[in-house]
Amino acid sequence: MSYKKAKHILPLELLEEIQKYVEGESIYIPRRSDRKKPRGSSVASLKYFQKRNAQIFSEYLAGERQDLLSEKYFLSLKSIQRIIRQEKMIHNM
């Protein structure tokens, strides 16, 4: 994500309206819902998550505790449990 100066891309009237709510701050303007891509849809991110999830599952099978995996990978315990459940389905376990 790159930042753009609002004064370079927005009409002055719109910029002044936005300044009524926030000024001197960075704000995120989300994509329109009809233009959103599913999370992990790019090839690079898909490969990254597949590799990460396989590593998590491998460590789990080697005896690593789920709470420690959660801390190591900066994920919630529920996310770790979901990944393990999905990997088990992939590997027919």
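**Core, salt bridges and backbone of the predicted model**

Colleague: Which residues make up the largest nonpolar core?
Modeller: In this predicted model, the largest nonpolar core has eight residues in all. Such a core is a set of buried (under 20% relative accessible area; exposed is over 50%, partly exposed in between; 1.4 Å probe, protein chains only) Ala, Val, Leu, Ile, Met, Phe, Trp, Tyr and Cys residues joined through side-chain atoms within 4.5 Å. The members here are Ile56, Phe57, Leu69, Tyr73, Leu75, Ile80, Ile83 and Ile84.

Colleague: Which element gives the largest share of this core?
Modeller: Two elements, α3 and α5 (77–90), each give two or more residues to this core; helices (H or I, at least four residues) are DSSP runs, as are strands (E, at least two), numbered from the N terminus. The largest share, three residues, comes from α5.

Colleague: Which pLDDT do local features need in this predicted model?
Modeller: Residues are numbered from 1 along each chain as its sequence is written, and side-chain values use heavy atoms, with hydrogens and water left out. Totals for chains, interfaces and linings use all residues, and side-chain atom pairs count only at pLDDT 80 or more, while local features need pLDDT of at least 70.

Colleague: With which residues is Tyr73 in contact, leaving aside its neighbours within four places in sequence?
Modeller: Tyr73 belongs to the largest nonpolar core. With contact taken as heavy atoms within 4.5 Å and those sequence neighbours set aside, its partners are Arg52, Gln55, Ile56 and Glu59.

Colleague: Which residue forms a salt bridge with Lys72?
Modeller: A salt bridge is a side-chain nitrogen of Lys or Arg within 4 Å of a carboxyl oxygen of Asp or Glu. For Lys72, the closest N and O atoms of the pair are 3.0 Å apart, and the partner is Glu59. Lys72 lies in helix α4 (residues 66–72) and its partner in helix α3 (residues 43–61), so the pair ties together parts that are 13 residues apart in sequence.

Colleague: What distance separates the C-alpha atoms of Pro30 and Ala54?
Modeller: Pro30 is placed in the loop between α2 and α3 and counts as partly exposed, at 49% relative accessibility. Pro30 and Ala54 are 24 residues apart along the chain, and their C-alpha atoms are separated by 31 Å.

Colleague: Is Phe74 buried or exposed?
Modeller: Phe74 is found in the loop between α4 and α5, and its phi is near 55°, a positive value in a residue other than glycine. With a relative accessible area of 76%, Phe74 is exposed.

Colleague: What is the phi of Asn92?
Modeller: Asn92 sits in the segment after α5 and counts as exposed, at 71% relative accessibility. Its phi is positive, in a residue other than glycine, with a value near 50°.
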